[in-house]
Amino acid sequence: MLLSQTLLHAAVFALTVFQALASKTFIAAVYEHAVILPDDTDEPVSPDKALALMNKNMDVLEGAIKEAAQQGAHIIVTPEDGIYGWRFTRETIYPYLEDIPDPVVNWIPCTDPTRFAPAPVQERLSCMARNNSIYVVANIGDKKLCNSSDPGCPSDGRYHYNTDVVFDPEGKLVARYHKYNLFLSEDQFNYPKEPEAVTFETPFGKFGIFTCFDILFHEPAVVLVSKLQVDTVLFPTAWMNVLPFLTAVEFHSAWAMGMRVNFLAANTHYTSLSMTGSGIYAPNGARTYYYNMKTEDGHLLVAELDSHPRLSPASPPAVNWSSYASSIERFSPNDHDFRGPIFHDWFTFTELTKPAGNLTVCQKDLCCHLSYKMAGKRKDEVYVLGAFDGLHVVEGQYYLQICTLLKCNSTDPNTCGQPVETAQTKFEMFSLSGTFGTNYVFPEVLYSRVQLAPGEFEVLNDGRLISKTRPTKPVVTVTLFGRWYEKD
């Protein structure tokens with residue numbers, strides 16, 4: 001009986017691989033998970049209690065994985081912190097950690113669970129992948145012992161790592177990634193000694209993986225795409241939305257477009273911390289996405305993607321982001337320039353005082369040009385053109401160049417840059433460009449009520465972000481978000 005089951009599984013896996021090889025596309029899934037959180041305590045719980053909580057979360061994830069597989073998905077991404085949550089100190093997270101080996105060991109935990117130290121979470125994830133013939137991507141915690149001969153060894157004698165794991169359709173561990181850019185509140189984890197660039201090959205392209213805050217930095221995010229040429233990036237995240245530029249769905253969609261790769265973003269769902277926003281993104285826009293601040297439900301997304309997006313006819317052309325803006329003369333001087341903060345960064349703004357026109361606003365070396373026409377100029381809404389050229393230093397240091405058409409929170413100019421989700425003003429057209437010093441620019445268009453605009457705008461190869469059709473919904477922001485990594 002065991003032999004026949006093994007042969008059956010091998011046949012199913014071979015058929016899955018053949019089908020993927022026979023197609024230039026694949027089916028991707030992401031699951032936004034409303035995580036069941038541990039009690040907030042200063043004392044570590046027992047290993048059994050820790051595993052009980054993790055099994056509750058994995059029960060939910062297993063249901064999503066089964067449903068995704070039934071819909072034909074080849075891979076599913078689940079969120080950062082999706083198995084044990086957060087609210088941890090270094091001491092209290094320890095019972096939730098497992099020793100995760102390097103994938104070179106060629107290990108299938110589902111069929112050989114006792115080969116290494118006890119690893120019930122890895123065993124169960126492996127079985128989820130194997131039983132459903134699907135790649136499973138999850139975020140768990142890794143622990144590694146160290147000793148006094150290691151000058152970086154923590155006083156408790158172990159390293160803790162925020163870790164992504166990938167199991168293939170046979171249940172084999174094929175990737176392990178230790179998060180390099182930890183967020184402010186992740187004191188329970190250690191930084192790896194060196195940034196890791198983790199990739200793995202599949203029948204439907206080359207994949208890379210990193211976690212949440214990593215996306216804003218050169219290593220590993222840009223290395224994976226620009227140097228290692230991955231086709232698809234896997235992105236477990238616990239993203240707290242920050243309007244107007246760093247809302248999950250808009251920034252992740254923009255990153256996929258700017259980097260010209262597929263991007264599978266799975267967010268945790270916890271509205272008290274503004275955590276929501278997952279999606280399956282292609283270089284030419286979102287294939288599907290989810291943003292919900294009203295309920296506490298999880299949500300499964302499934303969509304088809306090109307296996308090799310750079311080879312797709314739909315792939316956008318390479319962009320010279322400063323070409324157009326550097327070739328034109330500055331539009332007429334403004335009488336309405338003023339300064340205001342957006343997420344602690346001080347922008348230079350100029351108000352759109354007319355229903356149509358051409359404007360320029362500059363800060364340092366960045367000049368932002370806007371041509372626009374409103375469907376009607378409302379007296380109860382104010383829009384500005386803004387520029388920022390400088391180092392962001394709040395929760396990390398990273399150099400930004402940003403051009404933005406932005407709706408203000410009220411008619412008071414002092415509210416420009418404050419979070420706003422709704423708008424009434426529709427535009428007939430817009431064209432935004434800037435004299436960027438970086439080639440890494442991410443184009444965003446966000447409509448009222450945090451809705452994306454797939455298919456309604458495009459980026460020309462001279463660096464202009466333009467409305468492709470008449471925008472169908474009121475505009476909250478049109479933004480070119482530039483990251484100048486060399487100046488961090």
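Analyst: Gladly! This is a predicted model. Let's start at helix α5, whose buried residues are covered by elements that include β5, β6, β7, β8 (232-237) and α6 (248-259).

User: Which residues of α5 are the buried ones?

Analyst: They are P220, A221, V222, V223, L224 and V225. The label buried requires a relative accessible area under 20%.

User: What makes K179, E80 and C212 a group?

Analyst: The grouping comes from the UniProt record, an unreviewed entry, where the annotation "active site" covers E80, K179 and C212. They are spread over 133 residues of sequence, yet they cluster in space, with a largest C-alpha distance of 10.4 Å.

User: Why is K179 called buried?

Analyst: Its relative accessibility is 2%. The cut-off for buried is under 20%, so K179 counts as buried. As for its place, K179 sits in the loop between β5 (173-178) and β6 (198-202).

User: What makes the link between the side chains of K179 and E80 a polar contact?

Analyst: The distance is 3.0 Å, and a polar contact needs a pair of N or O atoms within 3.5 Å. The K179 and E80 side chains are therefore joined by a polar contact. Leaving aside neighbours within four places in sequence, K179 is also in contact with other residues, including N162, C212 and D214.

User: And C212: why is it counted as buried?

Analyst: C212 has 10% relative accessibility, and buried means under 20%, so C212 qualifies as well. This cysteine lies in the loop between β7 (205-209) and α5 (218-227).

User: Which residues does C212 contact, leaving aside its neighbours within four places in sequence?

Analyst: The list is E80, K179, F235, P236, T237, A238 and W239. Each of these has heavy atoms within 4.5 Å of C212, as the term contact requires.

User: Why is Y159 called buried?

Analyst: Y159, in strand β4 (residues 158-167), has a relative accessible area of 8%. That value is set against the limit of under 20%, so Y159 is buried. Not counting residues up to four places away in sequence, Y159 touches several residues, among them R90, D142, C153 and K193.

User: How far does the side chain of Y159 lie from the backbone oxygen of G152?

Analyst: The side chain of Y159 reaches that oxygen of G152 at 3.3 Å.

Definitions and conventions
Residues are numbered from 1 along each chain as its sequence is written. This is a predicted model: local features need pLDDT of at least 70, side-chain atom pairs count only at pLDDT 80 or more; totals for chains, interfaces and linings use all residues. Side-chain values use heavy atoms; hydrogens and water are left out. UniProt positions are given in the numbering used here, feature names are shortened, and annotations may be inferred rather than shown by experiment. Helices (H or I, at least four residues) and strands (E, at least two) are DSSP runs, numbered from the N terminus. Buried means under 20% relative accessible area, exposed over 50%, partly exposed in between (1.4 Å probe, protein chains only). A polar contact is a pair of N or O atoms within 3.5 Å; within protein, one must be able to donate a hydrogen and the other to accept it, and residues adjacent in sequence count only if both atoms are side-chain atoms.
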